[in-house]
Amino acid sequence: MKHPLKIIKIGGHILDDSKAKKEFLTQFAAIDGFKLLVHGGGKSATELSQKMQLEVQMVNGRRITDAQTLEVITMVYAGKINTSIVATLQQLDCNAVGCSGADANSIQSKKRPVSKIDYGFVGDIQNVNTAYISLLLNANYTPVFSALTHNKKGQLLNTNADTIAAALAKSLTSVFDVSLYYCFEKKGVLLDINNDNSVLKKMNKKTYMNFMKSGVISDGMLPKLQNCFDALEHNVSKVCIGQPGMLSDPSNSYTTLTL
């Protein structure tokens, strides 16, 4: 029988609010058993880019990453955010270890080819080093992944954190019984973006496709949901979206995804 593994992606305003971040990490540290954390940091990267007077370009919720932007996100993701999360988890007696995709060749990608849009230094994941990550987990370390991968030719690549979480989940199903949770400030997938209580408690792929066509779902929620269904199609046993409270209290409002 496979041991349960919870993979949790954290993003949104929670990372930018020190109180909310500490509350989330306290909940995360309290989770029993095997766990793994993936974090974004797009808002912080955007703020630093603006301070440096660098143009921020987004297409369908995804960042265009030129050479200067890549420097910014490397500093923010792998530096400021990752190390501060690991330090807080150590304070909470969770033996975390910071990771990027370059560490032990844990997530190898290729630069996204140019079609209609040139995304720049953005990575499409090719391979996950399941053996290495399993080794960390079985040694009672808690991996904390930033949203950076590499191409094994010395080039770091910006990679969507939701995609990284899904890729890790899919790969690790060969070793663990994986549940995937996307945590952010909203209560789940909203039918009305202006009404925090309009949570869709269950969503299947057909409903998602219909909502996407009608424009109910757009922007950053699109890649998140695409990754949710991709994970479910590759034997991830459970996928949920909502606030961090769902990790400790199932009565909280959140969205469960099904095929």
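**Around Glu233**

Modeller: Happy to! Leaving aside neighbours within four places in sequence, Glu233 is in contact with Lys205 and Leu259, where contact means heavy atoms within 4.5 Å. Do keep in mind that this is a predicted model, in which local features need pLDDT of at least 70 and side-chain atom pairs count only at pLDDT 80 or more, while totals for chains, interfaces and linings use all residues. Residues are numbered from 1 along each chain as its sequence is written, and side-chain values use heavy atoms, with hydrogens and water left out.

Glu233 sits in the loop between helix 7 (221-232) and strand 13 (238-242); helices (H or I, at least four residues) and strands (E, at least two) are DSSP runs, numbered from the N terminus. With a relative accessible area of 40%, Glu233 is partly exposed, that is, between buried (under 20%) and exposed (over 50%), using a 1.4 Å probe and protein chains only. Leu259 lies 26 residues away along the chain, yet its C-alpha atom is 7.6 Å from that of Glu233.

The other partner, Lys205, leads us to helix 6 (residues 205-214), which packs against helix 7 at an angle of about 160 degrees, with the axes 11 Å apart. Axes here are lines fitted to C-alpha atoms over the stretch in contact, and angles run from 0 to 180 degrees between N-to-C directions. Helix 6 is therefore roughly antiparallel to helix 7, a label for angles over 145 degrees. Lys205, Tyr208 and Met212 in helix 6 meet Leu222, Leu225, Gln226 and Phe229 in helix 7.

Methods: Parallel < 35°, antiparallel > 145°, perpendicular 65-115°, else oblique.
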